[in-house]
Each structure stands twice: as C-alpha cells, then as structure tokens.
Amino acid sequence: MTRQGYDSERGNAGETQQMATGGSPVLTTNHGTPISDNQNSLRAGDRGPTLLEDFILREKIFHFDHERIPERIVHARGSAAHGYFECIDPIPDLSRASLFAQKGNRIPVFARFSTVAGGAGSVDTPRDVRGFAVKFYTEDGNWDLVGNNIPVFFIQDAIKFPDLIHSVKMEADRGFPQAASAHDTFWDFVSLMPESMHMVLWAMSDRAIPRSLRMMQGFGVHTFKLVNAEGEETFVKFHWRPKLGTQSLVWDESAKLQGADNDYHRRDLWNSIATGDFPEWEFGIQTFDAATADKLPFDVLDPTKIIPEEVIPLRIIGRMVLDRNPDNHFAENEQVAFLPSNVVPGIDFTDDPLLQGRLFSYLDTQKSRLGTTNFHQIPINAPKCPFANMQRDGMMQTMVPKGRSNYEPNSLDEAGEDPGPRAIESGFRTSPQQVEGPKLRIRAESFSDHFSQARLFFRSQTESEQAHIVSAFTFELSKVELDHVRKRVLSLLRNVDEDLAAQVAEGLALELPDRAAPAQEPVDLDISDALSIQKNWTATLEGRTVGVLFDEGSDKAELDQVIKSVESAGGKAFTVAPKVGGLSLKGGKMKADGQLAGSPSVLFDAVALVLAPEAAKKLSRNGAAVAFVMDAFSHLKAIGVNEGAKTLLDRAGVEPGPGITGLDELADAATRRYWAREAEME
Ligand code: HDE
C-alpha cells in the first residue's frame, strides 16, 4: 500500500514544506519514517536505561537544541504582518519602478516593526526608536524600505554605529539595564557626539513611546533617488502616515504597561488584524531636485536632518494595508532579512555615509543570523517574481538548478541547449554620477550644524509635549550616575534651547554649566507644526479600546448601552470585573473579558465605570479598582461614570473636570487625551 502523499516520481520535494506545516496526517521523523510512539523513549526494560539507538529521541532533541538562531544585534524584538501596497497616484515621470506605475496596482508586502535596544524577549513599550521595515515584493524584485518611526538618526557616519549600539545596550560588565537608554554609557556616548542631539530630542519626545504600532509614522530617513525611464533622477524622502493618526502613550503609562502586558504592541497588532481591523498607512514622498537641495540650509546627505513638510510638502502616492498575521513567528518574523541594498529599477541610493555603510551591513548580518548565503531562498525572503542567475551551491541550497549553464556569457544555445538567464537592457542600472576628490577620512563642513534642527523640533512642540521632553531628560539623567556626563548633556542642551536646559537642570537640582561651544552656531528655523503629534491629533475611537468596569448589581441595560456607543464610534469595548466567570446584574448575567487585577486601565484608551452604589463602595477598598481609576485619570484618559460609581471616583481623588463625563458622552470624550490635567497634577 502506498503512503498518502508519496510520489515515487517527484520524491517529496513539495511535501517537505507541507509536512512541516502539518500537511502530513502521519507523524514522522525528519527523514520521513513514520513514528509509532511519541510518548516514550526506547529503553532496556520498563525501568531501565535509555538506549543510544533511539534515533527518534535523538533527532527530536537534536533539533530542539538548535531551535534558536542568533537574534538581531539591533531590532531583535519585532512584530510583523503581511499585507499589500497599492499605488494611488502613479509617478512614472519620476520613477520607472513598477510599483509606482499604475493606479490601483497592488503588490504584496511584509512589514516588521521593532524596538532597537532590547533583546528578542524584552518588553514592547520602553522608550526607544521603533524600526519600520517593509519588504515590497514587486514584479521587478524585492524593494526593502528599512526605516524607523523617527525621521533622523543619531550619527552621521556608519563607522560610529557599533559604538552607538554598544553604549545603549546593557552595560558591558553588569549586563543591565535591558531595553533602556536611561544609563551612563548611552548618555556618555551621545554627549560626546553633538551630532546626535537632534535625534536625542526625538527620542526624549513622545515619539519614542508609541501607543500602538498602528499609530506610528514611518520614515526612510536617508535621502534616496527616484530615476525615471529617461534616466532623470530626483531626490526623495519616503514617509508612512498611519490612518489612525499618530499617537503616543504617556511615560508612566508606558512604564506600567511593561508589567501589565509585555506584549502590548505585538498583541495589539495581532488582534487588530485577526478581528479584521486592518492597520493602514499612507505612503508619501517629498521630492526635490539638486538645485533645491543646494538651497536648503543643510546637507540632504546628512541623516541627522529632516526637510520640514512646510518646506517641501508630502505627496501621497500609495497606501499600505496589513491584512494577514504571520502563519509562523519564527519562519517569517524571525527569518525575514531586510536589506537596504534591495532596490528595484527606478529607485537608487545617495551618498549619505550612513546609508552607504548600511548597504554592506545588512547582507553581512544575514550570513551570521541565517547561516548561509542562500537565505534568499527562505520563503519570506524569496522574491515573488521569477529569479535566476549563475550563483550556485552553498550551504542549504534548496533549489535544484538543472542543466550545464552555470556561467555567463556562454554559447550553449548554439548547441541547442538552455543557455540560462541573460542580463537585459532594462535591468537595474546605477544612476551615473561623477565622483572625484582625494581619498580622506573626513566629515563634510556641510554636516556641522548639530543644533538648529534640534531646536526646531523642540520649539515646534506644544507646551505639553515640551514638558514631556523636559521630564524625559530629567528622568533619564537622574538614572545617570556620572555627574560629568549629566553636566555635559546640559551644556549641549543650552545650544538647543536655554529654557529646556534650565528646566532639566532644575529638575536635577544641578547648576547650569557653561554652554558647549558648537561646531556651527545654531539658527532659528521656521516652526514646523507637522513635527507635533498633539497639533495633528486624529480625534477618533477607531482602533482604540474602552475598558468598562462592572460588578455584581450593575445595570445590564446601562452596560449594553456603553458598549454599543463605543462600538458604533468604531472602538472596542473590553469588559472588566473582579470575577470573570459571570456576575448577576440588574437585568441579567454577564461574563467579563478580563479580571480586574489582570486588566489595569493602562491597557485601555479610556474607561467607563458602570457600578451599583453597593459595588462601588466595596471596590473603594479594592486597590486594583482604585488604581484603575487613578491611573486612567493621571494618564489623561476620559472616564465615563454612572451615578452609582461616584464613591469609587471620590476614593480615587478624581474631581469633575474635562474628560470626566457621564456614560452618554464617553464615546466622544474618549477620542482625546486631556493634556491640561497634567498641569493640575503638578
Ligand atoms: Fe539598522 N541594522 N543599521 N538602521 N536596522 C539592522 O540588520 C545597521 C540604521 C533598521 O525588522 C541589522 O537584519 C548599521 C538606520 C531596522 O529585521 C544590522 C547602521 C535605520 C532594522 C543593522 C544602521 C535602521 C535594522 C540587524 C548604521 C533607519 C530591523 C539585523 C550605518 C533608517 C529590520 C538585520 C528588521 C536592522 C545595521 C542604522 C533601521 C546589524 C550598520 C539609520 C528597521 O545589519
């Protein structure tokens, strides 16, 4: 009898993958031998020693022992999803890239969002830059846009990257802190690198504690080039804009979330896709020619600089929708290999010295992570268009190239044989560029203004955002133990903004040191409102969750009504009660989605308290219930309250004010945060 799925002609080439995904009904070894017992190892007698002969046990443990691959040296912790990119405004005049050629054209993408400093098992909400990497599987090959949620970087030259990363990761001798920049070595390094100040300002802003991966902007950071069919080139900066609006957490919330839910961002991304709430971003470009670049007051090759949207507006040319969760975290999220050097005809690099270094680094890192030069054959990395060349063999070659043609050029066709793939005229062609100059280790003069844009960023924020930046510097520097490092940071901050420096010094109870002499005197640039999250707030409940607290005796009709109003505003309601199994309410029974102690209000964007007076009295003596309300208040969230819940509100010290509403107004109130409360709380 033939085993199901066996094909003596084809062998098991196609089946191997299927088996791994559960396609085979029979449990087998990796070499296909059916297994009769997966519970007991082979031993001599029922209480005797295990036998070396047990190839099934040995193979299983051998494989298990090697299940981990080296984690990424940076961006180790990430969450990813599949989706598509759709061109909505074609730009054939600017680029010949096929993905921008036709309105409505959709291509598959795989996106991965990550933190930078922590290991793969670290938490989701530390203060950190977030990676925003997208692999576009175009018909002309894979284009990887490997960006961040902050549009600038700490350093101007790739040679400083290992130093930067060593300084931010756990300290070399003690192995801590994990996933945190608030320690001596990071601040020591950045304070010795004035070029980092612009990015440091972003990292101390709310941008570094995003509310959700679905609510972050993304940036290609470097200036790239678009090249059209005539070979004409245009400079370009790439941007992603979240449809749900850009939103951040407040610091105390992000710190508490690290305890409440390590996987807060990963879970949020997964759940939203699983429930059909697909995250979406607009894709925009800022384009400019060389003459415009020359007129800008900084060098467009310097990755510590932005081009304000008020100077060169964003043109939205596409959108990305993530509509499918990975089938397997390891095979896809862990094994995906992004390479800034993956470009397609129509997109090209510039001489940004950071980008130039990255073009080497990512290819190199894949060999150490994935173990073989054939990493491009792993399904998540393989192009979805045909691909062929004369590269052969190597570890883990999974393809079986046929024929004699493994070199090019060849004339095998003259003998009637398949000559293999040939280069074509329309293939990728580096945009020609004149290069001359002495060979030097030098930084261009045009890279030396380290403070003007840091100042621009700070001054473009609202008062409350500026206060957050002051608190972040104060917090981080209070964790720094070396006094001379704190002082050096303060002396640099004086070049950014005197008020900022003075407030941080005051927060640390330190005297303001002398101003550091800048390489180039900073200038005041025009404020850019586009840099502020609060000025661009999207007031919506979409993608947001309201935590609804109830208990024995709550009015079911009132509860149903709150849930309905939240859902009809596009939000989700998550019910919380002291017990999850089902409580007796006025008008029926109801189960809770989460238990109070495990569902603190940090998990929600707003809360509703739907309680009977007796229950509110009882909960006033329950620490988790009081913290539920206090935290919602101090995290500036809307709190909807029914009459019965007032005792609990009082116990939490919450007085009437903006955002403290009746249940009817909650769905509207919950679309905002109440920044003015911060001043009250000081
Ligand atoms: Fe990366 N970076 N990087 N980086 N980077 C990596 O590549 C590197 C830089 C970014 O989700 C590594 O496959 C150097 C800037 C993201 O898999 C590594 C330099 C930006 C990801 C590497 C930079 C980024 C990485 C580690 C200075 C924003 C995660 C694993 C020249 C524009 C991609 C890997 C993912 C990952 C090197 C600077 C973004 C070691 C040498 C600037 C989003 O190759």
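Predicted model: local features only at pLDDT ≥ 70, side-chain atom pairs only at ≥ 80, totals over all residues.
Local features need pLDDT of at least 70 and side-chain atom pairs count only at pLDDT 80 or more, whereas totals for chains, interfaces and linings use all residues. Residues are numbered from 1 along each chain as its sequence is written, and side-chain values use heavy atoms, with hydrogens and water left out.

User: Is R358 buried or exposed?
Analyst: R358 is found in helix α10, residues 353-370, where helices are DSSP runs of H or I with at least four residues and strands are runs of E with at least two, numbered from the N terminus. Buried means under 20% relative accessible area, exposed over 50% and partly exposed in between, with a 1.4 Å probe and protein chains only. Because its relative accessible area is 15%, R358 is buried.

User: How far from a nitrogen atom of the ligand is an N or O atom in the side chain of Y362?
Analyst: Y362 also lies in helix α10, and at 22% relative accessibility Y362 counts as partly exposed. For the side chain of Y362 and a nitrogen atom of the ligand, the distance is 2.6 Å.

User: Which element gives the largest share of the shell around the ligand?
Analyst: The shell has 21 residues, each with a heavy atom within 4 Å of the ligand. Among those that come nearest are S361, Y362 and Q366. The largest share, six residues, comes from α10.

Note on methods
Polar contact = N/O pair within 3.5 Å; in protein donor to acceptor, adjacent residues only side chain to side chain.
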